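Work through the exercises below on charged side chains. Try each task before reading its solution.

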Amino acid sequence: MAANKRLLVLPGDGIGPEVMREARRVVDWLDKRRAVSFAIEEGLCGGASLDKHGTPLTDETLERAKAADAVLFGSVGGPKWDSLPFDKKPERGLLRLRKEMDLFANLRPAVCFDALADASSLKPELVRGLDVMIVRELTSGIYFGQPRGIETLPNGQRRGYNTQSYTTEEIRRVVRVACELARKRNKRVTSVEKANVMESGVLWREEAQKLRDAEFPEIELSHMYADNCAMQLVRNPKQFDVIVADNLFGDILSDAAAMLTGSLGMLPSASLGAIDASGRRPALYEPVHGSAPDIAGQNLANPIAMLLSLAMTLRYSFDLLEDARLIETAVKRVLDGGARTGDIMQPGKAKVSTSVMGEMIVRELDNLAA
Ligand code: IPM
Ligand code: MG
C-alpha cells in the first residue's frame, strides 16, 4: 500500500529522542499490521537544531511541519542552552511552531488509569476514574503579547514586562473547541480566568458566555477564577468535564492535572489549528512533560505520554478511532500487568526501562490484534 499519512517527527532534546523511539516502534507496528501507512520524515527542533543550525527551528523545518499531515514532537530544552538569549532558547522553536502553524487549541486530557490510582499524590478515591479534558489556548495571551521586554529605567532599576491580551475571536475559537468536545462528553465546560483582577479576564468571561448562548445552548457553562480552579483540581478533580483556559493558566493547570494521573510522564497533548477549505487541519502532538535532562539518555523515561500522543494523532488527525483505542488499551493492559517506569513505580510492581515498556506495549498490541 502507498504510504498515505505524512508524519514529521521532531524528537527534540533530553528524553525526547528516547520516548520518540518507542513511538516509532508503534508506528512501525501500525504500518505492518493495520490498514494505515505512514511516510515519515525526521527533523531537528530545540537544542538539537541550535547545535547544528544555530537556530531552534529552521525555516525549512517549519515549512515541512506545515506541509505534513501531523507533527509528532518529543520535548525541548536543557541546561546546556539555559544561558542563551531569549530568542535563541530551544523553547522558542516549539513556540514558533505553535504560532506559525496557528495551533490555537491545545487538548490535554488528564485520564487516570485504574492501575495508577494509587500512584497519584491524591487519595485514590479522588482520582479513580478521573477523565478531565483541559483545553488550553496556545497562540496568544501573555506568551506572545506585545509589548514585552526588559528595560533599564532612568534610576538604574531594571523592569521586565509582558502583555496579556486576547481578542474576541481568539477567545471564541478556543471556547468553541471546548464546547464541541464537551458535546461528545458530559456537556459541561468550566471557563477559567481572573476576571476579578484582569480586563482580559472580563472579556474572556463575557465572550465565552456569549459564544455558549449563541451556539451551544445544550452545554452547561460555568466560570471559575484560576486560583480557585487550581484549588478545586486538587480538592475534587472529578467535578470537572472540560476546562478551557488561556495560555498561561492552561499551562499551569495542566501540570497540576497531570500529577493527578500519577505522573507527568502519562499526559499526552494535541495542538490543533483551524480546518482549512480543503479539509486539512494543522496539528502537532506532544507529551506534556518536558525534556527531563536529569534522566535523559539513561533509558529511564516513561514513554507512555508519547505513545498516548500518537494515539491522539490517530484520533484527531486521521479519524482512526479503533487504532487509537488499540494503543490506549495496550497501555492499560501493560499497566494492569504491573510494569512501571521509575516515575510511576509502586511497591510490588516491576520496574522497567523506557525500551522495555515500549516493547511490552507492542507485544500487547500483537495480542489485541491477533
Ligand atoms: C508546555 C511547556 C511549554 C510551555 C514550554 C516548554 C515552552 O511547559 O508545553 O506546557 O510553557 O508552553
Ligand atoms: Mg507546561
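This is a predicted model: local features need pLDDT of at least 70, side-chain atom pairs count only at pLDDT 80 or more; totals for chains, interfaces and linings use all residues.

**Exercise 1.** Find which residue forms a salt bridge with glutamate 42, and state which parts of the chain the pair ties together.

Solution. Step 1: the partner of glutamate 42 is arginine 24, with the closest N and O atoms 3.0 Å apart. Step 2: a salt bridge requires such atoms to lie within 4 Å, and the pair counts as one. Step 3: glutamate 42 belongs to strand 2 (residues 38-42) and arginine 24 to helix 1 (residues 16-33), so the bridge ties together parts that are 18 residues apart in sequence.

**Exercise 2.** Decide whether aspartate 323 is buried or exposed, and locate aspartate 323 and its partner, arginine 34, in the chain.

Solution. Step 1: buried means under 20% relative accessible area. Step 2: aspartate 323 has 7% relative accessibility and is therefore buried. Step 3: arginine 34, at 21%, is partly exposed. Step 4: the two side chains meet in a salt bridge of 2.6 Å, N to O. Step 5: aspartate 323 sits in helix 11 (residues 321-336), while arginine 34 sits in the loop between helix 1 and strand 2, 289 residues apart.

**Exercise 3.** Describe the salt bridge between aspartate 241 and arginine 185.

Solution. Step 1: the closest N and O atoms of aspartate 241 and arginine 185 are 2.9 Å apart. Step 2: aspartate 241 is in the loop between helix 8 and strand 10, and arginine 185 is in the loop between helix 6 and strand 8. Step 3: aspartate 241 is buried at 1% relative accessibility, whereas arginine 185 is partly exposed at 23%.

Terms used
Residues are numbered from 1 along each chain as its sequence is written. Chains are lettered from A and ligands numbered from 1 in the order in which they are written. Side-chain values use heavy atoms; hydrogens and water are left out. Helices (H or I, at least four residues) and strands (E, at least two) are DSSP runs, numbered from the N terminus. Buried means under 20% relative accessible area, exposed over 50%, partly exposed in between (1.4 Å probe, protein chains only).
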